[in-house]
Amino acid sequence: MPKKRKSRGRHKGDKGKEGYVQCDRCGALVPRSKAVRVTVNSLPLDPQLISELRRQGAIIPRYTIVKNYCIRCAIHYRIIKIRPEEQRKVREPVARKNI
Ligand SMILES: [Zn+2]
């Protein structure tokens, strides 16, 4: 049977069953390997204020925010894009837009 994608849209391989994660936009439960995971380093304050505080010797922590999206939300909010049919066969990771 022809397959649309070699990986069936996931990166599970032959691992068997795996856990679910909840989409951070719509709340849908999606398999962990199918979810689109985005990691963002965020700063708690305005960047101009941070550079001023750092010059005066303050230590400002960075926060890492990890978000999981279902495929529907990832495409709707343009985190990933639909690729043309020939490019879907390219196995290299596609650059993702940070949120
Ligand atoms: Zn979603």
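Student: In this predicted model, what share of the contacts between residues at least 6 apart in sequence join residues at least 24 apart?

Tutor: Happy to start there: 52% of those contacts in the protein join residues at least 24 apart.

Student: Which elements does the chain run through, read along the sequence?

Tutor: The pattern is β-β-β-α-β-α, which gives 2 helices and 4 strands.

Student: What makes the protein more spread out than a compact globule?

Tutor: Set the value against the rule. For 99 residues the globule rule gives 13 Å, while the radius of gyration is 18 Å, well over that, so the protein is more spread out than a compact globule. Along its principal axes, the C-alpha trace spans about 65 × 30 × 25 Å.

Student: Why is helix α1 said to lie largely in the open?

Tutor: A buried residue needs 20 or more other C-beta atoms within 10 Å of its own. Of the 9 residues in α1, residues 47-55, the number buried is 0, so the helix lies largely in the open. Gly57 follows α1 and has a positive phi, near 100 degrees.

Student: How much of the whole protein is buried, and which residues make up the largest nonpolar core?

Tutor: Buried residues account for 6% of the 99. The largest nonpolar core has 6 residues: Val30, Ala35, Tyr69, Cys70, Cys73 and Ala74.

Student: What is Ala74 in contact with, leaving aside neighbours within four places in sequence?

Tutor: The cut-off for a contact is C-beta atoms within 7 Å. With those neighbours left aside, Ala74 is in contact with Val36, Tyr69, Ile79 and Ile80. Of these, Tyr69 is also listed in the largest nonpolar core.

Key:
Residues numbered from 1 in each chain as written. Predicted model: local features only at pLDDT ≥ 70, side-chain atom pairs only at ≥ 80, totals over all residues. Buried ≥ 20, exposed ≤ 12 C-beta atoms within 10 Å, placed from the backbone. Core = buried A, V, L, I, M, F, W, Y, C linked by C-beta atoms within 7 Å. Contact = placed C-beta atoms within 7 Å. Rg over C-alpha atoms; globule rule 2.2 N^0.38 Å.
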